[in-house]
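Please examine the structure shown below together with its sequence. A set of questions and answers then follows.

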Amino acid sequence: MNPVHMEQLSWVDYERRVQEGAVLFLPCGATEQHGPHLPLGTDALLASAISAEVAARVGGLVAPALSYGYKSQPKCGGGQHFCGTTSLDGATLSALVRDAVREFHRHGVKRLVLVLGHYENTWFVAEGIQLALRELGPDAGLEVMRLEHWDFCREETLEDIFPDGFPGFALEHAAVIETSLMLHFHPHLVALEKIPDDGPADFPPYDMYPTRTEWVPPSGVLSSARGSSAAKGARLAGDIVDGITAAVRFEFKLEGL
Ligand SMILES: [Zn+2]
């Protein structure tokens, strides 16, 4: 099988793969607390692992992940007050994405997929893509897909995994979905015995600045990760990888791959 990781290829081999039309995947993560049981790099690790599986199926390549993201927000990432959480200003992230997209275009990449593993990145990544495309102009010949990987979890899967009701993706920070996916992709990085009993967090329908840190469970976990398992992770990963693969094949017309 062709290697998928750009940083493991020589420029000569990378150039050949790009000229053959390889779809390039750019995982966009964060360095952010994920409770006492998951590593700070969870978002980039998951986005990278998912990107690698999809790339292997469609003959694609995976660029080195963006490992810093936009500021952690209390209601979906716990907030900026945790040690270890290391975030960018929105304009910095947009500029980073814009520059990366412009470089991939210079290399000859025609089909690019940004795989987001950190919710707070959403609009700043979109901004970076749009700034790059505006600068490159209408004849750039570059098409870009942007997605959040959890949106590919199928409803039946969520119903089976959360028989008492799904708490929603925002509160899923460091909870059952991310913990189960990490147990599937990187089991040696999960400390199951350290899963806290916190949550689910109960937030009002507004935000306050400075952050009311007392709204956020001290562990940083927004709903319980108890019940996480590698088997659930495998099922979620199956949905996500199948779903992204199908979307990439459809939008980029990769029949037969
Ligand atoms: Zn996360």
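Me: On what basis are the residues numbered and the values computed?
Reply: This is a predicted model, in which local features need pLDDT of at least 70 and side-chain atom pairs count only at pLDDT 80 or more, while totals for chains, interfaces and linings use all residues. Residues are numbered from 1 along each chain as its sequence is written, and side-chain values use heavy atoms, with hydrogens and water left out.

Me: How many helices and strands are there in the protein chain?
Reply: Helices (H or I, at least four residues) and strands (E, at least two) are DSSP runs, numbered from the N terminus. Along the sequence they follow the pattern α-β-α-β-β-α-β-α-β-α-β-α-α-α. The count for the protein chain is 8 helices and 6 strands.

Me: What radius of gyration does the protein chain have?
Reply: The radius is taken over C-alpha atoms, and the globule rule is 2.2 Å times the number of residues to the power 0.38. The C-alpha atoms fill a box of roughly 50 × 40 × 30 Å along the principal axes. For 257 residues a compact globule would have a radius near 18 Å, and the protein chain agrees with this, at 18 Å.

Me: What percentage of the residues in the protein chain is buried?
Reply: Buried means under 20% relative accessible area, exposed over 50%, and partly exposed in between (1.4 Å probe, protein chains only). The protein chain exposes about 12000 Å², of which carbon and sulfur atoms supply 54%; accessible areas come from the Shrake-Rupley method with a 1.4 Å probe, and for residues only the protein chains shown count as cover. Of the 257 residues, the buried share is 51%.

Me: What is the strand order in the open sheet of 4 strands?
Reply: Two strands pair if DSSP finds at least two bridges between them. Strand E1 (residues 24-28) is joined to E5 by 5 bridges, and strand E5 (residues 111-116) is joined to strand E6 (residues 143-148) by 6 bridges. The pairing in the sheet is parallel, and the order is E2-E1-E5-E6.

Me: Which strands stand at the edges of this sheet?
Reply: An edge strand here has a single partner strand, so one side of it is left without a neighbour in the sheet. The two strands in this position are E2 (61-62) and E6.

Me: Which residue in E5 is the bridge partner of Phe-25?
Reply: E5 is mostly covered, with 5 of its 6 residues buried. One of its residues stands opposite Met-145 in E6. The bridge partner of Phe-25 is Val-113.

Me: Which residues are the protein donors of the zinc ion?
Reply: Donors are N, O and S atoms within 2.8 Å of the metal (3.2 Å for Na, K and Ca); water is not among the atoms, so sites may look incomplete. The donor residues are spaced H-x8-D-x134-E in sequence. Asp-43 lies in helix H2 (residues 42-58) and Glu-178 in helix H7 (residues 176-185), so this pair ties together parts that are 135 residues apart in sequence. At 1.8 to 2.0 Å from the ion, the donors are His-34 (NE2), Asp-43 (OD) and Glu-178 (OE).

Me: Against which helices do the buried residues of H7 pack?
Reply: H7 is largely enclosed by the rest of the structure, because 9 of its 10 residues are buried. Among them are Ile-177, Glu-178 and Phe-185. Contact means heavy atoms within 4.5 Å, and the packing partners are H2, helix H6 (155-161) and helix H8 (230-251).

Me: Is Arg-17 buried or exposed?
Reply: Arg-17 has its place in helix H1 (residues 11-19). Beyond its neighbours within four places in sequence, its contacts include Asn-2, Gly-59 and Leu-61. With a relative accessible area of 4%, Arg-17 is buried.

Me: Is Arg-106 buried or exposed?
Reply: Arg-106 is placed in helix H4 (residues 90-107). Its relative accessibility is 56%, and Arg-106 therefore counts as exposed.
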